[in-house]
Amino acid sequence: MAIDGGPGLSPAVALFRSLGEPARLAILQRLAAGEARVVDLTGELGLAQSTVSKHLACLRDCGLVGYRAEGRQSFYALARPELLDLLRSAERVLAATGDAVALCPVYGDAAAVGS
């Protein structure tokens, strides 16, 4: 991997940026439990329909989410089962680091309050 953000690092940066948006991460975590329609996601996550649709489009463009049509409804699901492994690994890292990530002055909760 190139440290300068060259071609070797760019896809990984894009992946982690896509996972760094709270609404997209919430959608992915919900889809990890099984497929859902936009209306299901809006109700369960408390997000506006336009927000869910925008983030689903992004996740589809990234190849992380797919959908199947049934009549006039679309059912969304994770397109890459490996994403479940990544999310589980992230949970293990967070459990192992305790509050260190949340307390990080650059990326943690304190940084979010200051921005």
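A residue is called buried when its relative accessible area is under 20%, exposed when over 50%, and partly exposed in between. By that rule Cys58 is partly exposed, because its relative accessibility is 26%. The model described here is predicted.

**Cysteines**

- A disulfide is a covalent bond between the sulfur atoms of two cysteines.
- For Cys58 the closest cysteine sulfur belongs to Cys62 and lies 4.2 Å away, which is too far for a bond, because a disulfide needs two sulfur atoms within 2.5 Å.
- Cys62 is likewise in no disulfide, its nearest cysteine sulfur being that of Cys58.
- Cys62 has a relative accessible area of 43%, so Cys62 is partly exposed.

**Helix α4**

- Helix α4 covers residues 49-61, which is 13 residues.
- At 1.5 Å a residue the helix should span 18 Å, and this agrees with its end C-alpha atoms, which are 18 Å apart.
- Val52, His55, Leu56 and Leu59 are the buried residues of α4.
- Viewed down the axis of α4, these buried residues fall within an arc of 105°, so they line one face of the helix.
- An α-helix has 3.6 residues a turn, so residues three or four places apart point the same way.
- On the face turned away from the buried side, α4 carries the exposed residues Lys54 and Asp61.

**Ser18**

- Ser18 belongs to helix α1, which runs over residues 10-20.
- With a relative accessible area of 5%, Ser18 is buried.
- Apart from neighbours within four places in sequence, Ser18 is in contact with Arg24, Cys62 and Leu64.

**Aromatic rings**

- The count of aromatic pairs comes to one.
- Tyr67 and Tyr76 form this pair, with ring centres 5.7 Å apart and 40° between the planes, and the pair is tilted.
- Tyr76 has a relative accessibility of 9%, so Tyr76 counts as buried.
- Another ring, that of Phe75, has Arg68 lying over its face, at 4.6 Å from the ring centre.

How values were computed
Residues are numbered from 1 along each chain as its sequence is written. This is a predicted model: local features need pLDDT of at least 70, side-chain atom pairs count only at pLDDT 80 or more; totals for chains, interfaces and linings use all residues. Side-chain values use heavy atoms; hydrogens and water are left out. Buried means under 20% relative accessible area, exposed over 50%, partly exposed in between (1.4 Å probe, protein chains only). Rings of Phe, Tyr and Trp (its six-membered ring) pair if their centres lie within 6.5 Å; planes under 30 degrees apart count as stacked, over 60 as edge-to-face and the rest as tilted. A charge sits over a ring if NZ of Lys or CZ of Arg is within 6 Å of the ring centre and within 35 degrees of the ring normal. Helices (H or I, at least four residues) and strands (E, at least two) are DSSP runs, numbered from the N terminus. The expected span of a helix is 1.5 Å times one less than its number of residues. The arc is that of the directions from the helix axis to the C-beta atoms. Contact means heavy atoms within 4.5 Å.
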